[in-house]
Amino acid sequence: MTTDPSVADEVVSYQRRGAVGVVTMNRPEYRNAQNSAMTYALDAAFAAAVDDDEVRVIVLAGAGKHFSAGHDIGSPGRDTEVSFDRKAALWWDHVGKPGGDQRYAREMEVYLGMCRRWREIPKPTVAMVQGACVAGGLMLAWVCDLIVAADDAFFADPVVRMGIPGVEYFAHPWVLGPRAAKEVLFTGDRFDASRAREWGMVNRVVARGELESETFALAERVAEMPRFGLALAKRAVNQSEDLMGMRSGMDSAFGLHHFAHAHNAEVAEDPLAGMNARSMKSAGS
Ligand code: ZN
């Protein structure tokens, strides 16, 4: 693995457009399903954007028709048994560890840990969302400060079908409100961009053909503000969310999430309860 996203990694691309750093998930053939190669490449691209003094705002995008269909639970590039060069050492390497040790170590690093760090990136981030934004895809949109959604965007967290109480970055009650969070989790159904707007989860809904121009217009507007002021304002809001219980709530939900994985492994020898990408997709989500 290289940590220089400009020379790397086809699974994520990074470019700068004026004051905007653009990080793009680039596995469109798998609806930008996130394998570990992708999450580590995202990590490297975000670091490059933070370290570039010319970059004031970061846009997170997905190549192709879909933002991200979630974590990779079935593509040929699934790499759950691979070690990566861990920069932040959020947890020890998961490979070769027994039982829950392996699962907890991996998910603490590449799912909860990375998402939490990305939420704290000291520059404003804008998610540019089209098509599917499902399960792990929601996590990536939610860590961004602003979300602009195309009118063809759809959202869902269907993992209760696996007996799991929501994705690892459990922001649902804070970004949707408790009532909507329960509906989303209890049904696993899709909700569209206008519903997401109604619930306060997205900032703007725009025509699909105008997604890019509208997102960059917003990013460039934010980029005119003083950099340090933006960083402090972001921190003030994030700290307020945490004072509303988000961080400790996520810790508690992460325990339940791993209890569910362990339960599934114990009764069915499969932490995903026999579900795979195909069955999750066809389950009506
Ligand atoms: Zn999990």
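**Zinc site and pockets**

In this predicted model, a zinc ion is coordinated by Glu 107 (OE), Glu 107 (OE), Glu 168 (OE), His 257 (NE2) and His 261 (NE2). The distances run from 2.1 to 2.2 Å. Along the sequence, the donor residues follow the spacing E-x60-E-x88-H-x3-H. Glu 107 and Glu 168 link distant parts of the chain, 61 residues apart. Glu 107 sits in helix α2 (residues 99–119). Glu 168 lies in the loop between β7 (154–156) and α4 (172–176). Glu 107 has a relative accessible area of 7% and therefore counts as buried, the cut-off being under 20%. Glu 168 is likewise buried, at 5%.

The largest pocket holds about 1,000 Å³ of space. Its lining comprises 43 residues, and those closest to the centre are His 71, Asp 72, Ile 73, Gly 74 and Leu 272. At least two lining residues come from each of α2, β7, α9 (246–268) and α10 (277–282). Helix α2 supplies the largest share, six residues. By class, this lining has 18 nonpolar, 12 polar and 13 charged residues.

The second largest pocket has a volume of about 560 Å³. It is lined by 25 residues, of which Cys 144, Asp 145, Leu 146, Val 237 and Glu 241 are the closest to its centre. Two or more lining residues are given by each of α3 (136–143), β6 (146–150), α4 and α8 (227–243). The most come from α8, with six residues. The lining of this second pocket divides into 17 nonpolar, four polar and four charged residues.

Conventions
Residues are numbered from 1 along each chain as its sequence is written. This is a predicted model: local features need pLDDT of at least 70, side-chain atom pairs count only at pLDDT 80 or more; totals for chains, interfaces and linings use all residues. Side-chain values use heavy atoms; hydrogens and water are left out. Donors are N, O and S atoms within 2.8 Å of the metal (3.2 Å for Na, K and Ca); water is not among the atoms, so sites may look incomplete. Helices (H or I, at least four residues) and strands (E, at least two) are DSSP runs, numbered from the N terminus. Buried means under 20% relative accessible area, exposed over 50%, partly exposed in between (1.4 Å probe, protein chains only). On a 1 Å grid over the protein atoms alone, a cavity is a set of points where a 1.4 Å probe fits but cannot get out, and a pocket is an open set with protein on both sides within 12 Å along at least five of seven lines; lining residues have an atom within 4 Å of a point. Grid points are joined across faces, edges and corners, and a volume is the space filled by probe spheres set on the points. Ala, Val, Leu, Ile, Met, Phe, Trp, Tyr, Cys and Pro count as nonpolar, Asp, Glu, Lys and Arg as charged, and the others, Gly among them, as polar.
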